[in-house]
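Visitor: I'm new to this one, so please pick a single part and walk me through it slowly.

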Amino acid sequence: MATSRRHLRDRVIGAGIAHGSLASPAEFQNGSLQERARLEEPDLARPSQGASRQHSSMDSQRAKARALEAEIAALRRACIETQAPGDDDSQVRKSFQETHQSDSEEWGLSKELRSQLGSLESELQFLSRLTGISIRNYCKNTEDLTNTEMAEKSIKKVLQRHRLSGNCHMITFQLEFQILEIQDKESLSSVITDLSIIMEPTEYSELSEFVSRAEEKRDLLMFFRSLRFFVEWCDYRKRTFKHFKEKYPEAVQLSEGASSSCMGIRNPSQPGFELVIVWRIQIDEEGKVLPKLDLLTKVPLRALELDKNRVIETAPLSFRTLLGVLGIEATLESLIKSFCAEESS
């Protein structure tokens, strides 16, 4: 049996060698193992396309991370090299000191300005009490009129526009005026080029002519000075008339109240007889304020015919003379007593 098997194997091997189509046992064994290993080799030896992309993206991110870490390290080294220890503290301290100093300077300046403002307000209140003139609103605009030729000669030309409103006791006013200033190396000149005065309607007719004259002359100082004295005289006249009306209520007549410019004196026992005091307040060309008192007489015609000594005719002149001697209040007192002497007796 064994002999038959060996005989059959030899025949097969011999046939294979004869035809050149059969490898040796060793070659056959090695080839078979290699082919088997190739067929059984796992897919890890041949990676897929998706896995290849994933590995590429991860490599790119790792490269970016390494670049950022290198940049951070370089910046840290630069900070350490350029900044000495303690510089941060000194810089912060210096900045704080500068801020504190700036705040202190601003506070000091603000305190100084408030002090100056308070001083100016006190002076303004004092002037208002002294002159009776109060300024409520004020604004100012400035226009530079300097041209190139003036600038070359160091000449400065400025036009100031002012507007203000206020009152002097019971009289209110509004002013608009312009001031032209010309300044060179040696001097400064100012001139009022325009003046407009608006007065609210009052019972003082004497002011109309005065205001027109002040506007024509563009004299701002004269306006304020004269207005103050005018108002003071008006107030004095009002108080004087009121005093005599209260003292002699039956004899003294004020047709327009205490603000009237006329005061009538009547004697109830002598109907038809009346003396009228006309008290005007005039402002001359130079702005000087002067009181002007006149005496008018109202008597029946028969009394004029019987007045042989011309007492009634010369009464106005005698009244002015008496004013120069006694003054206003004493003259009015004397006149009222004399005219009403018969009634008193």
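Visitor: Let's zoom in on one pair of helices: are α6 and α7 roughly parallel or roughly antiparallel to each other?

Guide: They're roughly antiparallel, a label that needs an angle over 145 degrees, while roughly parallel needs one under 35. Before the details, note that this is a predicted model, where local features need pLDDT of at least 70, side-chain atom pairs count only at 80 or more, and totals for chains, interfaces and linings use all residues. Residues are numbered from 1 along each chain as its sequence is written, and side-chain values use heavy atoms, with hydrogens and water left out.

Now the pair itself. Helix α6 covers residues 206-217, and helix α7 runs over residues 220-247. Their axes (lines fitted to C-alpha atoms over the stretch in contact, with angles from 0 to 180 degrees between N-to-C directions) cross at roughly 170° and come within 11 Å.

Who touches whom, with contact meaning heavy atoms within 4.5 Å? On the α6 side you'll find Glu-206, Leu-207, Phe-210, Ala-214 and Lys-217. Facing them from α7 are Met-222, Phe-223, Ser-226, Leu-227, Phe-230 and Arg-237. Sorted by class, that contact holds seven nonpolar residues, three charged and one polar. Here Ala, Val, Leu, Ile, Met, Phe, Trp, Tyr, Cys and Pro count as nonpolar, Asp, Glu, Lys and Arg as charged, and the others, Gly among them, as polar.

Stepping back, the protein chain has eleven helices and eight strands. Across its contacts with a separation of 6 or more, 47% join residues 24 or more positions apart.

Terms used
Helix = DSSP H or I, 4+ residues; strand = E, 2+ residues; numbered from the N terminus. Contact = heavy atoms within 4.5 Å. Parallel < 35°, antiparallel > 145°, perpendicular 65-115°, else oblique.
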